[in-house]
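Please walk through the model below with attention to its ligand site, its pockets and its backbone geometry.

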Amino acid sequence: MSLNMSKERRMLVETLKIEGIIRSDLVEESFLSIPREYFVPEHLRVYAYSDTPLPIGYGQTISAPHMVAIMTEELRVKPGNIVLEIGTGSGYQAAILAHIVSKKSGGHVYTVERIPQLAKRAVINIANARPDLLDFITVVVGDGSKGIELFQPYDRIIVTAAAPQIPEPLIQQLKPGGIMVIPVGNKWEQILQVVIKNERGYISIKDSIACVFVPLIGQYGWRNEYDYT
Ligand code: SAH
């Protein structure tokens, strides 16, 4: 099916700009260039440009566009950055980041997903939406709460699932001068935290907004998806 929802996409971006959520040219350009309709299940495509999360199967969701915009702005991602994302889901956030990092050589997004079927679907979604970005995105199946040792250190780390606390390995794998955004809290509500590692390796943490994410399940996250213990 060929899709053209570019008018709806432009309208959503205008709204997010008026709301003060999209603030930078890089994030605006990236939102305009990634068709969200390719990242949602086919029967939900009419809602692709409603500013709401949508189910993507396996009890998981694609985040609302405003949340993707807030996190991308807080991350201050730059062309050429090496980025680690925990929680690939649909692959939409990874594509938004990849558009930005791909503008300068060396840029890459490593993204980890614990549910293999979602990881596979995410690659298909990216291939349908923006095949040119496949060169800049590596999807890995595994427990991202441990980070990915192999490709570290990262300029930026973005966690798109709710963590009970900031996983220590992620702090270790962040470059000096790097930034991480991560929702931290209980199973009902979290605060988006912005973690900054300065050039000397010192950590400072700033609270951004309240948010609600699906749980980060793993060694440094919640133990299971039922009682979040
Ligand atoms: N960023 C996604 C939305 C993520 S929803 C998007 O743009 O669509 C959160 C995802 O995190 C879910 O797919 C869930 O399966 C995954 N997840 C939860 N715990 C994880 C872990 N420890 N490692 C990797 N992925 C995890």
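Predicted model: local features only at pLDDT ≥ 70, side-chain atom pairs only at ≥ 80, totals over all residues.

Residues are numbered from 1 along each chain as its sequence is written, and side-chain values use heavy atoms, with hydrogens and water left out.

Around the ligand there are 26 residues, of which S90, E113, D143, G144 and I217 come nearest; a residue counts as near if one of its heavy atoms lies within 4 Å of the molecule. In the side chain of D143, an N or O atom is 2.9 Å from a ligand nitrogen. The backbone supplies an N or O atom of G87 at 3.0 Å and one of R114 at 3.2 Å. Taken alone, the ligand exposes 590 Å², and the protein buries 99% of that (Shrake-Rupley areas with a 1.4 Å probe).

Which elements give two or more residues to the shell around the ligand? They are β2 (60-62), β3 (82-86), α4 (92-101) and β4 (108-113), where helices (H or I, at least four residues) and strands (E, at least two) are DSSP runs numbered from the N terminus. The largest share, three residues, comes from β2. By class, the shell has 11 nonpolar, 11 polar and four charged residues; Ala, Val, Leu, Ile, Met, Phe, Trp, Tyr, Cys and Pro count as nonpolar, Asp, Glu, Lys and Arg as charged, and the others, Gly among them, as polar.

The ligand sits in the largest pocket, meaning that more than half of its atoms lie within 2 Å of the pocket's grid points. Pockets and cavities are found on a 1 Å grid over the protein atoms alone: a cavity is a set of points where a 1.4 Å probe fits but cannot get out, a pocket is an open set with protein on both sides within 12 Å along at least five of seven lines, and lining residues have an atom within 4 Å of a point. The largest pocket has a volume of about 620 Å³, the space filled by probe spheres set on the points. Of its 40 lining residues, Q60, T61, T160, A161 and V214 are the closest to the centre. Here α3 gives the largest share, four residues, and the lining divides into 21 nonpolar, 14 polar and five charged.

The second largest pocket has a volume of about 210 Å³. Among the 15 residues that line this pocket, V40, P41, I56, R121 and N125 are the closest to its centre. Helix α5 (residues 116-129) contributes the largest share, five residues.

Two backbone features remain. Most residues other than glycine have a negative phi, and most peptide bonds are trans. Y58, in the loop between β1 (54-57) and β2, has a positive phi of about 55° although it is not a glycine. A cis peptide bond, with omega about 0°, joins Q152 and P153, and P153 lies in the loop between β5 (137-141) and β6 (154-159).

Technical notes:
Polar contact = N/O pair within 3.5 Å; in protein donor to acceptor, adjacent residues only side chain to side chain.
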